[in-house]
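Take a walk through this protein chain.

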Amino acid sequence: MAVSADHCRISLSAAIQSRGAAGLAGRNPRGLVKFCNGEVMGKKLQLCQVQQGGGSMKNKKNGHVCMSLTAADVIGEAKLRDMDVERRDPKTVIAIVLGGGAGTRLFPLTKRRAKPAVPIGGAYRLIDVPMSNCINSGINKVYILTQYNSASLNRHISRAYNFGSGTTFGDGYVEVLAATQTPGESGQRWFQGTADAVRQFHWLFEDARSRDIEDVLILSGDHLYRMDYMDYIQNHRESGADITISCLPMDDSRASDFGLMKIDKKGRVLSFSEKPKGADLKAMAVDTTVLGLSVDEAVKKPYIASMGVYVFKKEILLNLLRWRFPTANDFGSEIIPASANEFFIKAYLFNDYWEDIGTIRSFFEANLALTEHPNKFSFYDAAKPMYTSRRNLPPSKIDSSKIVDSIISHGSFLTDCFIEHSVVGIRSRINANVHLKDTVMLGADYYETDSEVVSLLAEGRVPVGIGENTKIKECIIDKNARIGKNVVIANTEGVQEADRSSEGFYIRSGVTVILKNSTIQDGLSI
């Protein structure tokens, strides 16, 4: 091994390189450590320390140093490198995406679909977020637990993440685990909560495919964020924690919607409370400067909120589910709080964009936030793309239209219309003199041909899309909706909640939601 002090570049001999290559075979190349700029494994290389450690220094002239290291030094460094790669090896991680919740707060978008199957960003579905994060992190073993309204979710997963979709998983797999009934009294129940859902399939972690699994990553199917899970896993392993909870600082207005925790200066979780209210909420306030926030930021965000993303050591998870808490149904409200005093639970700060798409209002605002400049989150990232099903749709066709701060998805037809601060989904058809403002249009599952459209209009019926002279504001338009001519959707009276399903719409948190496959007749004013 030779080192030059001018750039402190380290080169391994062919023999050592071949040994390292053999030791790293089959592992994630992203985990390789770069030896350069005077750093070995993140620590400054002190030449005098190397000399004391058994190396020799010769020919020190004009500031140039030639140094030789013993074979023991090289082997030691190779072992350290192997250890670092081992900590980042995604083959020892399995991910479980929880997709079985009823999604009542997101109704009526969840009337006929599971919450992770709800479209977002014009061309994606919520399940694509954790799935893409897994792919970008190198995690290729994924289970998806489903229960309610799972048909469209199952269809999307089979199209987007099978082996013929172009998304490869190597020796991994993506499998849907549907709620099922098994022999015995306990086997007659459906999933009772997040922990119970994982418990019902605990035997999968003990089969041959899982023998190398060390950690289990628990994910939600209704969050919007971009995260390198292997950074998270590595932090978990280096800390020696039994459980690690991904968290972020939170303000007063939303804190009661999340699980909150108190931590010590080293990040160890001391106590955990699921969605506290009133005095219990105030009791969970902490000094968030321990997370690295400034004093001003800490005053604005005095709570540490759980993202609902957990890492468990596999053996710890199985012990908790089968023996320690065999009747507990939920991770956030039961297992995590009860484990805080018995196990080493660590908080992992995620200080980036994250949004819980749990309500109609949050769904609406998260979609419109994608159109902002600059936006807090973007699906456009070449290094870490978001994946979805391949639809092979043509580019959108836009004639004589004005588009301001909006997203137009592929396969759409826009004619002489004005689109302002809106998201337009795939296969959308918007006709002349239509004005959309602050609107999320989810698109359509199919096209109607020109002859079909003409035939429908001749019969006095409404084709899929938005008819002429229609004005729409602050609205979510679900898939395959038929909105006629001269319609006004504005909620000018500021109604917050309304159930008008017989007329094809609901109002939730002040947002008008046009139902999937519904028809809004010509001239209707909402």
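A contact means heavy atoms within 4.5 Å. Among contacts in the protein chain between residues at least 6 apart in sequence, 63% join residues at least 24 apart. This is a predicted model: local features need pLDDT of at least 70, side-chain atom pairs count only at pLDDT 80 or more, and totals for chains, interfaces and linings use all residues. Residues are numbered from 1 along each chain as its sequence is written, and side-chain values use heavy atoms, with hydrogens and water left out.

Start with the inventory. The protein chain has 14 helices and 35 strands. These elements are DSSP runs numbered from the N terminus: helices are H or I with at least four residues, strands are E with at least two. Of the 526 residues, 51% count as buried. Buried means under 20% relative accessible area, exposed over 50%, and partly exposed in between, with a 1.4 Å probe and protein chains only.

Next come the pockets. Rolling a probe the size of a water molecule over the atoms shows where empty space is left. Here the search uses a 1 Å grid over the protein atoms alone; a pocket is an open set of points where a 1.4 Å probe fits, with protein on both sides within 12 Å along at least five of seven lines. Lining residues have an atom within 4 Å of a point. Grid points are joined across faces, edges and corners, and a volume is the space filled by probe spheres set on the points.

The largest pocket has a volume of about 970 Å³. Its lining counts 41 residues, and Lys115, Thr194, Ser220, Asp222 and Asp330 lie nearest its centre. Two or more lining residues come from each of α6 (194–199), β12 (215–220), β16 (269–274), β17 (303–313), α12 (331–339) and β19 (354–356). The largest share, four residues, belongs to β17. By class, the lining has 15 nonpolar, 18 polar and eight charged residues. For these classes, Ala, Val, Leu, Ile, Met, Phe, Trp, Tyr, Cys and Pro are nonpolar, Asp, Glu, Lys and Arg are charged, and the others, Gly among them, are polar.

The second largest pocket has a volume of about 810 Å³. It is lined by 28 residues; nearest its centre are Arg254, Tyr353, Trp354, Glu355 and Lys376. At least two lining residues each come from β14 (243–250), α10 (295–300), β19 and α13 (360–369). Helix α13 gives the most, with five. This lining holds ten nonpolar, four polar and 14 charged residues.

Now look at helix α11, residues 314–324. Its buried residues are Lys314, Ile316, Leu317, Leu318, Leu320 and Leu321. What covers them includes α6, β12, β14, β17 and α12.

Glu342 sits in the loop between α12 and β18 (345–349), so the pair ties together parts that are 18 residues apart in sequence. Both ends are partly exposed: Arg324 has a relative accessible area of 36%, and Glu342 has 42%.

Side chains of opposite charge can pair when their charged atoms come close. The rule for a salt bridge is a side-chain nitrogen of Lys or Arg within 4 Å of a carboxyl oxygen of Asp or Glu. The whole structure has 19 salt bridges.

Arg209 and Glu175 form one of them, at 2.9 Å from N to O. Arg209 is in the loop between α6 and β12, and Glu175 is in strand β11 (residues 173–178), 34 residues apart. Arg209 is partly exposed at 35%. Glu175 is partly exposed too, at 27%.

Lys313 and Asp242 form another, at 3.8 Å from N to O. Lys313 is in strand β17, while Asp242 is in the loop between α7 (229–239) and β14, 71 residues away. Lys313 is partly exposed at 31%, but Asp242 counts as buried at 15%.

Finish with the cysteines. A disulfide is a pair of cysteine sulfur atoms within 2.5 Å. The count by this rule is zero. Cys134 is buried, because its relative accessibility is 1%. Cys417 is buried as well, at 5%.
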